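Please look over the structure shown here before reading on.

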Amino acid sequence: MDILAAIKREERKLEKQLHKLNHQLNGVRAAAKVLGGSAERVVVGVKKRVLSAAGRAAIAKAARRRWAKVRKQAKKKTA
């Protein structure tokens with residue numbers, strides 16, 4: 001039961017910290033509001049990049065060329 005008591009103490013401690021942080025956050029928001037701004041952050045989604053089929057084909061072709069060159073070099077070293 002000692003573990004349960006320790007967990008409850010930790011929970012109370014964290015609740016106090018949360019209350020203190022919420023109080024500070026409310027103060028910052030109030031100050032920002034008075035100054036005419038907002039302290040809230042807006043989450044902006046990141047757009048996913050789109051690659052055309054031609055672009056993918058060009059990248060694949062270049063990769064095949066690079067690997068062919070690597071294989072050619074390896075073949076020269078073993079021969």
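## Charges and exposure

The structure holds one salt bridge, a term for a side-chain nitrogen of Lys or Arg within 4 Å of a carboxyl oxygen of Asp or Glu. This is a predicted model, in which local features need pLDDT of at least 70 and side-chain atom pairs count only at pLDDT 80 or more, while totals for chains, interfaces and linings use all residues. Residues are numbered from 1 along each chain as its sequence is written, and side-chain values use heavy atoms, with hydrogens and water left out.

The bridge joins lysine 13 and glutamate 10, at 3.7 Å from N to O. Because they lie three residues apart in helix H1, about one helical turn separates lysine 13 from glutamate 10. The table gives the exposure of both partners.

| Residue | Relative accessible area | Class |
|---|---|---|
| Lysine 13 | 44% | partly exposed |
| Glutamate 10 | 37% | partly exposed |

Here buried means under 20% relative accessible area, exposed over 50%, and partly exposed in between (1.4 Å probe, protein chains only). Buried residues make up 3% of the chain's 79 residues.

The chain has two helices and zero strands, which are DSSP runs (H or I, at least four residues, for helices; E, at least two, for strands) numbered from the N terminus. Arginine 12 lies in helix H1, residues 2–34. On the surface, Arg12 gathers with Lys8, Arg9 and Lys16 in a patch of positive charge, where a patch takes residues with over 30% relative accessible area and no salt bridge, joining like charges within 9 Å and nonpolar side chains (Val, Leu, Ile, Met, Phe, Trp, Tyr) within 5 Å.

How values were computed. Areas by Shrake-Rupley, 256 points an atom, 1.4 Å probe, with all protein chains shown as cover. Lys, Arg positive; Asp, Glu negative; His and termini not counted. Charge placed at Lys NZ, Arg CZ, Asp CG, Glu CD.
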